[in-house]
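Dear colleague,

I am handing over the structure below and would be grateful if you would look through it before reading my notes, which follow it.

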Amino acid sequence: CDYAKVRDPFIQETVSGLSMATQSSRPAIVFINGEYWGVYAIEEDYSDSSIHYDYGVDRKNVVMIKRGVLEEGEESDMALYDELCASFSRDLSDPEAYAELCEKTDIKNIADYYSVLVYTANEDCIFAGNNNWRIWRARTVSDDPYQDGKWRFMLYDTEFSLGLYKNGETARQDTLTIAEESEWFGALMKNDDFKKIAMDHLDAAAKIASILMKDDR
């Protein structure tokens, strides 16, 4: 709130072509009782309606978990989340355990999501205080796109990144190691197949950043 409010819109728009959900926004000049109050961002919110609009999944079929708490769905849907947590608690270096997790999650989505957090040095996210994360899935599985019953991450609240409050010093931090110390990503990085996927995604992120730095816009 003390700095330019462009980090979250910039990051979300930059990575909107990846496999995770992102939030669209547009800037707005705010007046309160006729007094200029500054530039803000009008941003879409995540809900069963936004999933229906973006992915064509019926609202009543949406299960959404925010920081381990059911946000959309029915109480019985927590059993699906508990099954996911149990899969992450297994030794994922075991091909059988990893294959089981791949049945429950969109692995490319996970790699995309964590790559963004690592590359932008996000300090307020799932591996930094277990904060600001959401996942969703369709409860009932079908052959329709995005109704395969796999959990997918949703990116939001990314402004505490890119060196905010630290004068850019996070550019020198080993954020990949920080991520590896978190529960889910750390478990996944024990698997060689996922590690290759993750590193490929980070290499791609570096190339995108290089292009952006040369863009006159």
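Two strands are taken to pair if DSSP finds at least two bridges between them, where strands (E, at least two residues) and helices (H or I, at least four) are DSSP runs numbered from the N terminus. This is a predicted model, in which local features need pLDDT of at least 70 and side-chain atom pairs count only at pLDDT 80 or more, while totals for chains, interfaces and linings use all residues. Residues are numbered from 1 along each chain as its sequence is written, and side-chain values use heavy atoms, with hydrogens and water left out.

In strand E4, Glu72 is the bridge partner of Met64, and strand E3 (residues 62–66) pairs with E4 in the antiparallel sense over three bridges. Both belong to an open sheet of four strands, ordered E4-E3-E5-E6 with antiparallel pairing, whose edge strands, E4 (69–72) and E6 (152–154), each pair on one side only.

Helix H2 (residues 48–55) lies across E3, E4, strand E5 (134–138) and E6, contact meaning heavy atoms within 4.5 Å. The helix runs at about 120° to E3, with axes fitted to C-alpha atoms, for helices over the stretch in contact, and angles from 0 to 180 degrees between N-to-C directions.

Elsewhere, Val39 lies in strand E2 and is partly exposed, with a relative accessible area of 42% (buried means under 20%, exposed over 50% and partly exposed in between, with a 1.4 Å probe and protein chains only).
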